[in-house]
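Hi,

Here is the structure I promised to pass on. Have a look at it first, and my notes follow below.

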Amino acid sequence: MYGVRKFKRDSGLVTRMYFTMFMLGVLYAIFAMVLWALSFPIIFIGAIVGGMALFQYYMSDKLILWGSGSKLVTAEQEPELHRMINRLAVRAGMPMPKVAIMNTHVPNAFATGRNPNNALVAVTVGIRERLTERELEAVLSHELAHVRNRDMRVLAIGNFLVTMTSFLMTMLFWSMLFGGFGGHRDRNNNGGAIMLVYLVTIIVYFIGQLLVLALTRYREYGADHSGAEICGDPASLASALEKISGVMAHIPSEDLRKLQTANAFLVIPVALTGGVGSLFSTHPRIEDRIRRLRELEQRMSFGLR
Amino acid sequence: MVLARLFGKRPPDRTDWSVMSTIIRAEQRLMARGEISPSRRAGLIFRNDESLPFLRDLKQELDPILYTGPGATKTAFELHDEPESGMRWIVMEDGDFSDLVSSVYTVGNAMGANGASGNLLAAVFQLYFTGAVDDSSFRSGLRTYWIYRYDLKSFYPFVPTGDAVGDRDRPTEVSLSSRARRQGMSIERNMEEWRGLWGIPF
């Protein structure tokens, strides 16, 4: 690579990521076996959903451009932004992506594209107003890292499987209502079997959702990690996150005296809050990401790898 | 177990001292970097309750603990009442920061041992900060408070910009909190719990 400093791999993170993917695979294998055992016609559903997923996968950059109202900008229109992204792309060892600007004051940035050769990086007007140059570089490095890690592909596969399950769930529901599917079998038997498949589908769908969400959270940490490698400045990504996430708005205006006596009277103990909600979010808590980045910075400043 | 490892980790067991003592090392390290200088003062705020003997005779109880008793750190103190809120402050003063921290801990511990653990609200330490809070602003000798909440067993920074409730310098607090956390200080993660204490008497 081009002078990019490699950090020690976050082995726990990588293990958990692979474990999640493995669990996802196991889950769908079991599901497929149940369906196969019941001689269920899966092919045509797979074809429809697969086609949709492929379309989404190959058209993702254009879809997002249309959907978000971003505009592609050339090197002549935005020389500074292009120079910055080009420099980072060279450091990351990937081709120059397309660059787009979204005309909103909400500070944000995103990347899309099925592989590094077909990537798009977009920033909003708001993020350029609010961040310093180093912070913007750090955010762009994070987005380039998403592209380099091929997170779009991972997400597309995960979403495809979950979408397929939800498709089946709906179909089975209707077939239960109207008693469809395979009249060649004994009716009573068949009804019970469909009921069973329906229950399995719901469970698979739910667990699948949780696993995909966990996976995207790990990809987010992964992009923070390799993004910090690309720009060499985890602290700037941390402070950028602090600025754009609006975490400061959480700091209250209330006086502590009003709390009177503490925890004993709270219905939900403080230690429990924030536990369950984190299972259902696509992004890890900003505070956790900032903490990891700060740790990375510390490792870096002490020369540890 | 697998799920716990997969989706996050459980908080470790914490005691008042294991958390409160993290400010000592953070202060030393930040002082070595020239970013922090200690003030000599700290305080403890609690809901006063004269029906508890220890709180009724507080001055006599504290004298041996902080000053006259064997092994006492010779920490000076004074009491400060807030009639409107029913709260009372013990303001302590000591030139040695680690003595000051252990005095505050000892007093809180003694109150807890005498039936007043539910009355304890917070311990507050004062430090002066010098440095850049982000790219644009440099602060020199900024007065900052570090609040230890007994119910949460964690610290957070508090930088009031005035005496009116709600006036605080949030960006500086966020910046300070990450500096202190980097130096090993135990900082409350949930910012919604960072309630202020306006009108600190020191």
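Predicted model: local features only at pLDDT ≥ 70, side-chain atom pairs only at ≥ 80, totals over all residues.

Let me start with the lining of the largest cavity: its residues divide into four nonpolar, one polar and five charged. Here Ala, Val, Leu, Ile, Met, Phe, Trp, Tyr, Cys and Pro count as nonpolar, Asp, Glu, Lys and Arg as charged, and the others, Gly among them, as polar.

Residues are numbered from 1 along each chain as its sequence is written, chains are lettered from A and ligands numbered from 1 in the order in which they are written, and side-chain values use heavy atoms, with hydrogens and water left out.

Back to that cavity. A cavity is a set of points on a 1 Å grid over the protein atoms alone where a 1.4 Å probe fits but cannot get out, and lining residues have an atom within 4 Å of a point. Chain A contributes Glu242(A), Glu287(A) and Ile290(A) to the lining, and among those from chain B are Val174(B), Arg181(B) and Trp194(B). α7(B) gives the largest share, three residues. Helices (H or I, at least four residues) and strands (E, at least two) are DSSP runs, numbered from the N terminus.

As for chain A, there are nine helices and four strands, in the order α-α-β-α-β-β-β-α-α-α-α-α-α from the N terminus. Of its 305 residues, 45% are buried (under 20% relative accessible area, with a 1.4 Å probe and protein chains only).

Now the aromatics. Over all chains there are ten aromatic pairs, meaning rings of Phe, Tyr and Trp (its six-membered ring) with centres within 6.5 Å; planes under 30 degrees apart count as stacked, over 60 as edge-to-face and the rest as tilted. Trp89(B) and Phe202(B) are an edge-to-face pair, because their planes stand at 80°, with the ring centres 6.0 Å apart. Trp89(B) sits in strand β3 (residues 87-93) of chain B and Phe202(B) in the segment after α7, so the pair ties together parts 113 residues apart in sequence.

Tyr145(B) also pairs edge-to-face with Phe202(B), since their planes are at 85° and the centres 5.9 Å apart. That pair links strand β5 (residues 138-149) of chain B to the segment after α7, 57 residues apart. Both Tyr145(B) and Phe202(B) are buried, and so is Trp89(B).

Cheers

How values were computed. Buried < 20%, exposed > 50% of the residue type's maximum accessible area, 1.4 Å probe, protein only. 1 Å grid on protein atoms, 1.4 Å probe; cavity = no way out; pocket = protein on both sides within 12 Å on 5 of 7 lines; lining within 4 Å.
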